[in-house]
Amino acid sequence: MKNKIHTPNDGGTIKAITIWQPWASLIVHGFKKVETRGWATRHRGNLFIHAAKKPIKETERIYQVNRKSIEQRLNKELETLPYGSIIGKVNVADCVEITPDFVRTLAAGELDCGDYTYGRYAWILKDPIVFKNPIHAKGMQGLWNYQGGE
């Protein structure tokens, strides 16, 4: 059974962002509610989460440090995570500058999942959905438009 994807009436595109694993899976499973970036976004609403095609060296180091915690949250081994696919979607509710006051509002588990350097930006994510069948797609840097139907 394929994922039912409803595209907006603007030519059939939905914004997407490519994120390294395991953070992409942590987002769509609702464990990571904030995505940190060096740039702000005006985008609000649906955002597809695309898991990058392959892991990066930094990810391998983080796997070793937080491996057990991440695997317990996701209830799966890290080697089985999907790559090179749109794995779900979220709603971008807001984007705020990271300040000391903002950081004080975050749970410890959230602090482990992002770069909360003051002056960067926090994208507030809500309503995560995991796709049963990931959609193979080529990712890109920054926000990009996914064009597809069902």
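How many bridges join strand β1 to β6, and do the two run parallel or antiparallel? Five bridges join β1, which covers residues 13-19, to β6, and the two strands run antiparallel. The views below come from a predicted model, in which local features need pLDDT of at least 70, side-chain atom pairs count only at pLDDT 80 or more, and totals for chains, interfaces and linings use all residues. Residues are numbered from 1 along each chain as its sequence is written, and side-chain values use heavy atoms, with hydrogens and water left out.

View 1. Six strands form an open sheet with mixed pairing, in the order β2-β5-β4-β3-β1-β6. Strands (E, at least two residues) and helices (H or I, at least four residues) are DSSP runs numbered from the N terminus, and two strands pair if DSSP finds at least two bridges between them. The edge strands, each of which pairs on one side only, are β2 (34-37) and β6 (143-147). Within β6, Q147 is the bridge partner of T13.

View 2. K33 is found in the loop between α1 (23-28) and β2. With a relative accessible area of 45%, K33 is partly exposed, a class that lies between buried (under 20%) and exposed (over 50%), using a 1.4 Å probe and protein chains only. Leaving aside residues up to four places away in sequence, K33 touches E110, W123, I124 and L125, where contact means heavy atoms within 4.5 Å. Although K33 and L125 are 92 residues apart in sequence, their C-alpha atoms are 5.1 Å apart in space. A polar atom of the K33 side chain also lies 2.5 Å from the backbone oxygen of G30.

View 3. P22 itself has its place in the loop between β1 and α1.

View 4. N75 is not a glycine, and yet it has a positive phi of about 60°. The place of N75 is in the loop between α2 (57-74) and β4 (85-97), and N75 counts as exposed because its relative accessibility is 69%. D127, also a residue other than glycine, has a positive phi near 55°, but D127 is found in strand β5, residues 121-136. With a relative accessible area of 52%, D127 is exposed.

Terms used:
A polar contact is a pair of N or O atoms within 3.5 Å; within protein, one must be able to donate a hydrogen and the other to accept it, and residues adjacent in sequence count only if both atoms are side-chain atoms.
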